[in-house]
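Subject: Structure handover

Hello,

I am passing on the structure we talked about. My notes are below it.

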Amino acid sequence: MANSAAIDGVAAAALRSVMQRVQLAAQKSGRVAHEIRVVAVSKTKPVSVLRQVYDAGHRCFGENYVQELVEKAPQLPEDIEWHFIGNLQSNKVKPLLTGVPNLAMVESVDDEKIANRLDTVVASIGRKPLKVLLQVNTSGEESKSGVEPSGCVELAKHVSLGCPNLEFCGLMTIGMLDYTSTPENFKTLANCRTEVCKALGIPEEQCELSMGMSADFELAIELGSTNVRIGSTIFGAREYPKKQSN
């Protein structure tokens, strides 16, 4: 194992470890691992490191910044399923969709304005309907993006009924950064799903829950997550460029 880790590199070995942990967490909660998607969040990481994880067999990657994703995507194989998981501004929608033809999902739709813009651009460029998740602010922190839990049903109805070029797939949340109330955040999202599915008349199995990151993904899986977003545990700490001194 040590030899293969050395050959494949640190990130590939870390990916294997994460997949084993996902499998164990799934078993612990009476689920099967293939029901849970692992999004390898590669922000600030060079293409060479993503390629290493790709070569280890992984195909689902996530990015937080439009510019970074638009730069990376053409340098990597077309069978990657890209998830955009950051805050998305209306003026960045067209560059994102035209620059990343293999964009599989936007996980961060948090109001009608951005939903409408995505719907319009998808139609104008003639791509297949775009899968979206609604980002819900389950922690009540003002610094966080996301629709309030009380506004979840209305936004879900808007996307499902008023945006024909979007495919409503579920809900996403980011727990508290210090993890103090993370179980409550995750339970809030699960409750939102119940209300949304009831309002839309769809079974809960058809509505994804994207919750859980490097520090809390096992707990998230136990509480029903179908999509975990794992960055630093696979890729190591973020590498932000140092500010140039004048």
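This is a predicted model: local features need pLDDT of at least 70, side-chain atom pairs count only at pLDDT 80 or more; totals for chains, interfaces and linings use all residues.

The largest pocket has a volume of about 760 Å³. It is lined by 32 residues, and those closest to its centre are Lys43, Asn64, Ile85, Gly86 and Ile174. Two or more lining residues come from each of α4 (66–72) and β8. By class, the lining of the largest pocket divides into 14 nonpolar, 12 polar and 6 charged residues.

The second largest pocket holds about 220 Å³. Its lining has 14 residues, with Glu81, Leu103, Ala104, Lys128 and Lys131 nearest the centre.

Rings. The count of aromatic pairs is 1. Phenylalanine 61 and tryptophan 82 form a tilted pair, 5.9 Å centre to centre with 50° between the planes. Phenylalanine 61 is in β2 (residues 60–63) and tryptophan 82 in β3 (residues 81–84), so the pair ties together parts 21 residues apart in sequence. Both residues are buried. Separately, the charged end of arginine 59 sits over the ring of tyrosine 54, 3.6 Å from the ring centre.

Loop residue. Threonine 226 lies in the loop between α9 (217–222) and β8 (227–230). It counts as buried because its relative accessibility is 15%, under the 20% cut-off. Beyond neighbours within four places in sequence, threonine 226 contacts Arg31, Glu35, Ile36, Arg37, Glu208 and Leu209.

Regards

Notes: Residues are numbered from 1 along each chain as its sequence is written. Side-chain values use heavy atoms; hydrogens and water are left out. Helices (H or I, at least four residues) and strands (E, at least two) are DSSP runs, numbered from the N terminus. Buried means under 20% relative accessible area, exposed over 50%, partly exposed in between (1.4 Å probe, protein chains only). Contact means heavy atoms within 4.5 Å. Rings of Phe, Tyr and Trp (its six-membered ring) pair if their centres lie within 6.5 Å; planes under 30 degrees apart count as stacked, over 60 as edge-to-face and the rest as tilted. A charge sits over a ring if NZ of Lys or CZ of Arg is within 6 Å of the ring centre and within 35 degrees of the ring normal. On a 1 Å grid over the protein atoms alone, a cavity is a set of points where a 1.4 Å probe fits but cannot get out, and a pocket is an open set with protein on both sides within 12 Å along at least five of seven lines; lining residues have an atom within 4 Å of a point. Grid points are joined across faces, edges and corners, and a volume is the space filled by probe spheres set on the points. Ala, Val, Leu, Ile, Met, Phe, Trp, Tyr, Cys and Pro count as nonpolar, Asp, Glu, Lys and Arg as charged, and the others, Gly among them, as polar.
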